[in-house]
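Here are some notes to read alongside the structure. Please keep the view open and follow the points in order.

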Amino acid sequence: MGRHGTIAGRKAAQDSKRAAMFTKYAKAITVAAKDGGDPDYNAGLRVAIEKAKAISMPNDNIQRAIKKGTGELGGATYEELTFEGYGPGGVAFIVNCLTDNTNRTTSSVRSSFDKQGGNLGTPGCVSYMFSRKGVFLIEKTDDIDEDALMETALEAGADDMVTEEDSFTIYSDPSVYTDVHQALTDAGYELVESDVEFVPSMESTPGENDIAKLKKLVDVLEDNEDVQKVQTNCAIDLYE
C-alpha cells in the first residue's frame, strides 16, 4: 500500500481529475518554460512536458503553455505558495500551489481546511516531519527485473528503492532528480508518477472516524486548480 496507495487507486484518482490536471500541468509547464522554451536545454521543462503527455494532454495545450512561459503569448504570472497545516486526526499536510492570485488561493485553502475539520498552520509547523526527495513511482510488471531497475536508479544517483505489492518507489536527492528521471525513461521504464516531494520521516495513523474526513479534505484540495500537490504523513492510503 504505502502513502502513494495502490497503482490502481492512483490511476483512478488521476482519471477522475483529468481536466483539472490539464490545468495544473499547463501551469507547471508555463513556470518551467521561464528558464527557456527548449526542453532539450531545460530539464525541468522536459520533465513537465513528459508528465503532461503521460495524461494525454493535447500538444496544442503544451505548446501554448510553453509560449506563455517564454513570453510569446500573454498570460498570468504564477507564484509558488506552500501551506502547512493539520487535517482531522492530527495528520500533517503540506500543500503546494501555483497561483496568479495569492489572496484567492490562501482564502480557498484555509476554507478547505476549516470546513473539513482541519486547521491551517504557520510556515514550519509540520515541515520538520518531512524531507524533500525526488520520488519515482513505477508499476511492478513481469517485464521488470528488480535488480536491473535498482542498478539503473543507483547509477544515476538515486539513494534507495522500496518494493511494494504492486510498485517500486525510488528516492533521490532533489539535486539529482532530473538525472534519475532521465536515466529511468531512457532505460524504457514508465513512470506512473515522479516529482520532488515532501516525504514524511514520521507517520501519523488517524482513528477510523477521521479517515473519511481526511479523504474528503484531500479530494477538495486536489479539486482546486491552484493546488499542484497535496502531501501528508498519513500512514493509511487516502486514495482507496
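1. Burial. In this predicted model, 46% of the 240 residues of the chain count as buried, where buried means under 20% relative accessible area. The chain exposes about 11,600 Å², and carbon and sulfur atoms supply 44% of that area.

2. Overall build. The chain has 8 helices and 8 strands. Its radius of gyration is 18 Å, close to the 18 Å that the globule rule gives for 240 residues, so the chain is as compact as a globular protein of that length. The C-alpha trace spans about 45 × 45 × 30 Å along its principal axes.

3. Contacts along the sequence. Take the contacts between residues at least 6 apart in sequence: 70% of them join residues at least 24 apart.

4. The sheet. Four strands form an open sheet in the order β5-β6-β4-β7, and their pairing is antiparallel. Why is one side of β5 and of β7 left without a neighbour in the sheet? β5 (158–163) and β7 (191–200) stand at the edges, and each has a single partner strand. From one strand to the next, the twist averages 25°.

5. β4, residues 130–139, pairs with β7 in the antiparallel sense over 9 bridges. Within this pair, K133 of β4 stands opposite E197 in β7.

6. Helices on the sheet. Helix α6 (residues 146–155) lies across β4, β5 and β6 (167–172), and runs at about 155° to β5. Helix α7 (residues 177–186) lies across β4, β5, β6 and β7, with an angle of about 155° to β7.

Conventions. Residues numbered from 1 in each chain as written. Predicted model: local features only at pLDDT ≥ 70, side-chain atom pairs only at ≥ 80, totals over all residues. Heavy atoms only, no water. Pairing = 2+ DSSP bridges. Helix = DSSP H or I, 4+ residues; strand = E, 2+ residues; numbered from the N terminus. Axes fitted to C-alpha atoms, helices over the stretch in contact; angles between N-to-C directions. Contact = heavy atoms within 4.5 Å. Rg over C-alpha atoms; globule rule 2.2 N^0.38 Å. Buried < 20%, exposed > 50% of the residue type's maximum accessible area, 1.4 Å probe, protein only. Areas by Shrake-Rupley, 256 points an atom, 1.4 Å probe, with all protein chains shown as cover.
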